[in-house]
Amino acid sequence: MNIKEELLALQDSSYADFQAKLVPNIPRDLFIGVRVPEARKLAKRILGEPETSKFLKELPHTYYDENMLHGLLISEMKDYDACIEAVDEFLPYVDNWAVCDSMSPKIFKKHTIALLDKIKEWSKSEKEYTIRFGIEMLMSYFLDDDFKPAYLEIPLLAKREKYYVQMMIAWFFATALAKQWDATIQYFEEQRLDTWTHNKAIQKARESKRITTKQKEYVKSLKR
C-alpha cells in the first residue's frame, strides 16, 4: 500500500479548487482534492497498517491532503499516550486552520485530567496552530460537566496576536456563553478580551441558536 497513491486515487480537482479558496495560505498545487468523508474512510481503513505507522513519522508531508489524513488518523487512535505523542510530533508542522481543526481524538474524553495539563502546555506555545488546537480542545472537553470558571482564564494566557488564534478564542467564548453563561458573561462586562475578539465573540454568540433572544440582546449591548 502506498498512501500517497491512495489519496491520488480519490482526487477531485474541482474540490481542490474549492479547498484552496478556503485555505488561502497554502498554494493551490499542494491540494490533491480529497473530500473529507473519503479521507475519513481511508483513515479508518488503513489505521494500524505498517505503512501507516511509517507515514505518521514522515514529516513534513508535501500535500495538504496528506496533512489532513494525518490529523484524521490521529483522531482514530485508541491509546491515549500514543495519541498525545503523535499530536506533539505533528503540531509543529500544522500550517492551516482546516488541518488543525480536523484533529479531534475520541480517546481524549476518557483522560480529561491528563488532557488539561496538555491543553495548558499547547496554549502557551509560540506556534499559532498549536495554540489554536489547545484552545479548541478546551472548548470541546471543558465547557460541560468538567467545567470550572478558572478554565476561562486559559485562553487569556495565550499569545493572541495571530488571526487564527483570535478566531478560536472568539469561538471559545461564544460557545462558553451558550454553555456557561453566568461565569462567562463577566468577561464581557469587565472587558477582559481585546476589542476585536470581544466583538467577534459577541457576533458569533448572536448567530448561535443556543442562547436566548434576551441573552443576545444583552451581549449586543456590550459591544465595544
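Does Glu126 count as buried or exposed, and at what relative accessibility? I opened the predicted model with this point. At 62% relative accessibility, Glu126 counts as exposed, because the cut-off for that class is over 50%.

**Entry 1. The partner of Glu126**

I looked next at what the Glu126 side chain meets. Glu126 and Lys159 form a salt bridge, at 3.8 Å from N to O. I located both ends: Glu126 is in the loop between α8 (112-123) and α9, and Lys159 is in the loop between α9 and α10 (163-179). The two residues are 33 residues apart, and the pair links distant parts of the chain. Lys159 is partly exposed, with a relative accessible area of 39%.

By the rule used, I recorded a count of 13 salt bridges.

**Entry 2. Two domains**

I noted the division of the protein chain into domain 1 (1-110) and domain 2 (113-223). Their centres, taken over C-alpha atoms, are separated by 26 Å. To the contact, domain 1 brings 18 residues and domain 2 brings 15 residues.

I looked up the area buried between domain 1 and domain 2 and found about 1,400 Å². Carbon and sulfur atoms give 64% of that area. Which residues of domain 1 lose the most area to domain 2? They are Leu91, Asp101 and Phe108, which together account for 32% of what that side buries.

**Entry 3. Polar links across the interface**

I checked the interface of domain 1 and domain 2 for charged pairs, and the rule finds 2 salt bridges across it. I also recorded 5 residue pairs in polar contact across this interface, both residues of each pair being at pLDDT 80 or more.

Which elements give two or more residues to the side of domain 1 that touches domain 2? I found α6 (80-90) and α7 (97-102). Helix α6 gives the most to that side, with 4 residues. By residue class, the side of domain 1 that touches domain 2 divides into 11 nonpolar, 3 polar and 4 charged.

I examined Asp88 in its pairing with Lys118. Asp88 forms a salt bridge with Lys118, and the closest N and O atoms are 2.7 Å apart.

I then examined Arg132, whose side chain meets that of Asp101 in a salt bridge of 2.7 Å, N to O. Arg132 lies in helix α9 (residues 128-141) and Asp101 in helix α7, so this pair ties together parts that are 31 residues apart in sequence. Is Arg132 buried or exposed? At 6% relative accessibility, Arg132 counts as buried, because the cut-off for buried is under 20%. Asp101 is also one of the residues of domain 1 that lose the most area to domain 2.

I turned to Asp17, which forms a salt bridge with Arg28, with the closest N and O atoms 2.6 Å apart. Asp17 sits in helix α2 (residues 13-22), and Arg28 sits in the loop between α2 and α3 (36-46), 11 residues apart. Asp17 counts as partly exposed at 39% relative accessibility. Arg28 is partly exposed as well, with a relative accessible area of 34%.

In helix α2 I also looked at Ala16. Ala16 is buried, with a relative accessible area of 0%. What does Ala16 touch, not counting residues up to four places away in sequence? I found Arg28, Phe31, Ile32 and Gly33. Ala16 and Ile32 are 16 residues apart in sequence, and their C-alpha atoms are 5.9 Å apart in space.

**Entry 4. Backbone points**

Most residues other than glycine have a negative phi, and most peptide bonds are trans.

The peptide bond from Leu59 to Pro60 is cis, with omega near 0°. Pro60 lies in the loop between α4 (50-57) and α5 (64-75).

I then noted Gln191, a residue other than glycine with a positive phi, near 55°. Where is Gln191 found? Gln191 is in the loop between α11 (181-189) and α12 (195-207). With a relative accessible area of 46%, Gln191 is partly exposed.

Notes:
Residues numbered from 1 in each chain as written. Predicted model: local features only at pLDDT ≥ 70, side-chain atom pairs only at ≥ 80, totals over all residues. Heavy atoms only, no water. Domains from an automatic or database assignment. Contact = heavy atoms within 4.5 Å. Buried area = accessible area lost by both parts, 1.4 Å probe. Salt bridge = Lys/Arg side-chain N within 4 Å of Asp/Glu carboxyl O. Polar contact = N/O pair within 3.5 Å; in protein donor to acceptor, adjacent residues only side chain to side chain. Nonpolar A, V, L, I, M, F, W, Y, C, P; charged D, E, K, R; others polar. Buried < 20%, exposed > 50% of the residue type's maximum accessible area, 1.4 Å probe, protein only.
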